[in-house]
Amino acid sequence: MFWAARAARTLFSLTCFTLVISEVQRVDITPDRGTTLSFSSSPSTGSGCKVCTRVKSSRQCDAQKTFNTGPVSVELECLKRQGPFNVEVSRTIDCTTKSCSSDIQTTTNYDALLSLNRKFVWDLTASAPKAARIDFGRTGLRQIQPSESCPDKHVFTYEVFPDSGNVLVGMYCSSGPITNAQALGSSRFSLELPAEQKPQEIHFDVANGEEIKSLAKISVSLQQDLSSLELFSPNYPGSFPDNDVMEWYFVVPEKHKASIQLFNITQPLCLRDEAAVEYHRLSRTAQLVGLTEAQPKQKEGGFTMTLRNCRMDHKRAGSPGLSMNFRVSTSRENTQVPCEVNLRGLRFSLHLKKLNPRCVMKQKSVPIDQTTLMPNSFTQLSFEACLPEDIQITASEKMGCSQARACQKLSLSIPPLPKCLPAPLSNMTWTLSPPQHGTVELGCASGTLFQELPGQRCNDSISIEMAEDDGSTIGTFCRNGSINKLQIHANITITVRGTAGNTLVPSKILHARIKDEIAERYIFSVSPRKNTPLFLATPGWPKGMPPYSTVSWIVTVPPKMEAHLRFTELNQPKCSNRHTNIRVQKMGSLEEEYSRREDEPPEYHLKVSESFYLNMSNCMPEKDDFSVFTEVTLKKNQLMTIIVAIVAVLLVIFIVVLVVVCLVIRKKKKKLNHQVSIYNPNGTSFLPGQNGFPKSHEEDEYHVYEDIEDTLVYSHLLRKGAEMGIYGDSEPGHTDSQMPLEARESGTGGDMEVGEYQEFSEQQKPKLPQRPASHVQPMVDNDLYEMGGSDGERSPSLGPRLDPEGGELTP
């Protein structure tokens with residue numbers, strides 16, 4: 001009982017020790033005077049994370065801790081950290097006095113916080129009627145939607161706090177036409193940075209502002225020539241505050257005009273007044289315009305645009321509130337803008353199309369409605385009274401080669417356009433044509449791809465549409481997802497567009513490689529995220545797959561995790577030739593975890609504990625289509641937890657047994673130490689006991705033989721033969737089985753020393769099963785397989801192919 005109790009206590013200690021293993025990160029920093037630091041765990045880190053401080057000999061931990069004075073020393077602890085902690089660095093700026101002069105800057109060294117998600121906050125206070133103003137310097141800011149991100153990962157946020165509550169004026173990126181912002185009462189300006197992102201040096205001035213009567217006022221300096229920008233109502237896409245006012249002040253360059261277009265308008269149900277837009281110029285009466293009416297053009301100089309909301313009826317159902325976004329465009333007033341377009345040395349072509357009759361587009365002084373400029377060409381264009389929305393510009397580029405090795409790496413990038421063109425690039429299309437036995441391999445230049453499907457929508461400024469050259473849709477994608485790469489055995493077209501009013505900017509979108517052919521038509525390599533459902537749909541969803549086509553997903557499952565598969569939608573056709581097949585097979589395994597045809601009852605839920613292949617193949621449908629929608633979720637492997645617990649128990653038992661054995665041996669040694677040996681003058685000493693006295697030489701039976709070897713009987717003859725030269729020298733007792741092994745001749749030639757490791761030669765390497773390519777002979781179900789390319793890569797083999805009837809396909 002004593003040992004059992006001790007083993008139980010040891011097991012409990014080991015189990016508890018396993019549970020409390022944690023990661024601790026220490027942060028030491030001395031903030032500026034008047035700065036407050038607030039540490040907290042990110043939502044992704046889980047509830048097991050805490051912020052700890054040491055006060056004398058005690059350690060105090062909480063979910064969040066705030067420090068108003070420095071220096072600061074904290075320990076950030078998690079049982080198993082899933083993501084970085086958050087820290088908020090805040091400072092208060094008082095502009096209630098007549099002389100408010102301060103600044104907003106990131107020049108202070110906060111490198112100690114680099115591994116955390118940081119939010120720098122500046123809280124401003126002002127006394128009515130004057131506002132607190134922030135000047136954004138020479139670079140300015142550019143407004144974005146709340147769901148967007150900035151290229152340099154520096155996202156600025158401007159909020160105001162009227163009596164009605166918190167209002168988000170807007171979110172912004174660096175570099176833009178917005179010059180300053182003003183607000184009454186309390187306001188907040190902040191900068192958010194992700195972990196490991198070093199802050200750029202910024203320096204914004206804070207001072208007393210104007211006497212305003214609106215929620216906030218944003219000043220914008222419009223650019224010369226042809227330009228446009230997009231702005232959003234406060235709280236977009238949510239509702240603008242009830243019965244409130246927002247102002248924008250625009251500066252129009254000399255000899256220019258500005259036009260305003262409202263988009264995505266939602267109008268509230270009003271109890272009093274109406275929501276409208278008001279335009280005001282200095283020394284002129286205000287002009288009130290309805291939201292659905294055409295907005296008036298504005299001439300050079302400055303003008304104010306004011307958005308007024310009504311008193312909304314919140315009781316009636318279906319009242320969406322007020323929200324909108326609008327585009328402000330500038331152009332020269334009734335002047336012809338010349339533009340030279342030089343595509344020499346470039347591989348893409350441009351297509352320009354006029355959309356509005358008021359716009360006059362000319363090529364070499366001849367009016368035209370549209371034109372296509374080919375690669376390596378040069379032409380002269382001119383535009384008169386053309387706004388960005390009046391011209392559509394698209395670009396296209398063809399890529400292909402006769403051999404896979406001739407074009408290993410290709411870059412799919414948005415090209416820069418001449419600044420004189422009146423509109424940005426609407427979309428960019430690439431046509432990729434691999435050789436007959438080639439495959440297009442695609443990857444995202446910024447990391448990973450995300451497929452837009454029901455239940456998972458893209459949240460990006462661009463969309464990437466992929467289709468085969470015959471028009472068959474592959475899917476719509478964007479950046480930052482779970483797809484590591486795609487392999488497509490077909491000619492494809494890739495079109496990139498801006499989303500939600502965003503324009504395409506010069507950047508690298510995808511990288512492509514032409515590799516040797518694969519047996520499947522499509523292969524997706526994906527890495528799901530823990531506890532986040534990943535949706536996989538057959539190409540062209542919700543339409544069916546092309547006849548005889550195949551698709552595979554290589555799903556990476558991390559250690560100690562398992563994938564839960566659920567076929568949420570499974571549409572099977574009636575086949576006129578061959579069968580459909582859905583297979584799940586672990587990587588490196590010859591056995592299938594799951595295999596079903598269209599004429600077999602399916603299972604809708606599966607669990608796979610290792611990385612695996614999900615392979616689907618279509619037949620020749622006679623009726624209906626073959627389409628599958630799959631949900632994959634990573635969860636902790638409960639079996640591994642049980643195994644670890646069993647191993648811990650066995651380890652405790654082994655330690656207990658080992659301790660018991662050691663104690664028994666120690667006790668026996670103590671007994672042996674009291675025995676007395678007897679001296680024998682013949683040279684043999686012995687211990688008393690059951691062994692008795694040692695046997696004498698005559699009593700010993702070592703000379704009695706059961707079997708006598710011939711070498712012992714005739715050893716004298718062997719010695720004589722050796723003396724006469726009849727037998728060669730040999731070591732006594734050395735047999736043939738003890739002779740050193742000699743290396744046999746290998747395929748590469750040369751002798752191999754004993755114990756030396758040599759790789760297989762090409763003739764000796766085990767062969768992978770050969771399978772016909774999908775474009776040569778239609779297959780019902782193809783395993784993942786890729787012929788060796790020039791870089792030596794080879795897809796893992798799934799073993800011998802089985803046809804739908806269960807037989808093996810011979811190469």
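**Close-up 1. β27 and β32, side by side in a predicted model.** This view, like the others here, comes from a predicted model. Strand β27 runs antiparallel to strand β32 (residues 378–384), and seven bridges join them. To get your bearings, look for glutamine 336, which stands opposite glutamate 384 in β32.

**Close-up 2. The open sheet around that pair.** Zoom out a bit and you get an open sheet of four strands, in the order β27-β32-β29-β30, with antiparallel pairing. Its edge strands are β27 (336–342) and β30 (366–368), each of which pairs on one side only. From one strand to the next, the twist averages 35°. As a reminder, strands of a sheet pair through backbone hydrogen bonds, either parallel or antiparallel.

**Close-up 3. Phenylalanine 189 against phenylalanine 204.** The whole structure holds 16 aromatic pairs. One of them is formed by phenylalanine 189 and phenylalanine 204, in an edge-to-face arrangement with 6.0 Å centre to centre and 70° between the planes. This pair links distant parts of the chain: phenylalanine 189 belongs to strand β15 (residues 186–193) and phenylalanine 204 to strand β16 (residues 203–211), 15 residues apart. Phenylalanine 189 has 0% relative accessibility, so it counts as buried. Phenylalanine 204, at 4% relative accessibility, counts as buried too.

**Close-up 4. Phenylalanine 232 with tyrosine 236.** Here the ring centres sit 5.0 Å apart and the planes meet at 45°, so the pair is tilted. Are these two residues buried or exposed? Phenylalanine 232 counts as buried because its relative accessibility is 4%, and tyrosine 236 counts as buried at 12%.

**Close-up 5. A cluster of rings.** Ring pairs tie Trp122, Phe136, Phe156, Tyr158, Phe189 and Phe204 into a cluster.

**Close-up 6. The largest cavity and what lines it.** A search of the whole structure turns up five cavities of 30 Å³ or more, and the largest has a volume of about 50 Å³. Who lines it? Gln143, Ile144, Pro146, Leu168, Val169, Gly170, Met171, Phe232, Ser233, Pro234, Asn235 and Tyr236 do. The elements that give two or more residues to this lining are β11 (141–144) and β13 (167–174). β13 gives the most, with four residues. By type, the lining divides into eight nonpolar residues, four polar and no charged.

Methods
Residues are numbered from 1 along each chain as its sequence is written. This is a predicted model: local features need pLDDT of at least 70, side-chain atom pairs count only at pLDDT 80 or more; totals for chains, interfaces and linings use all residues. Side-chain values use heavy atoms; hydrogens and water are left out. On a 1 Å grid over the protein atoms alone, a cavity is a set of points where a 1.4 Å probe fits but cannot get out, and a pocket is an open set with protein on both sides within 12 Å along at least five of seven lines; lining residues have an atom within 4 Å of a point. Grid points are joined across faces, edges and corners, and a volume is the space filled by probe spheres set on the points. Ala, Val, Leu, Ile, Met, Phe, Trp, Tyr, Cys and Pro count as nonpolar, Asp, Glu, Lys and Arg as charged, and the others, Gly among them, as polar. Rings of Phe, Tyr and Trp (its six-membered ring) pair if their centres lie within 6.5 Å; planes under 30 degrees apart count as stacked, over 60 as edge-to-face and the rest as tilted. Buried means under 20% relative accessible area, exposed over 50%, partly exposed in between (1.4 Å probe, protein chains only). Two strands pair if DSSP finds at least two bridges between them. Axes are lines fitted to C-alpha atoms, for helices over the stretch in contact, and angles run from 0 to 180 degrees between N-to-C directions.
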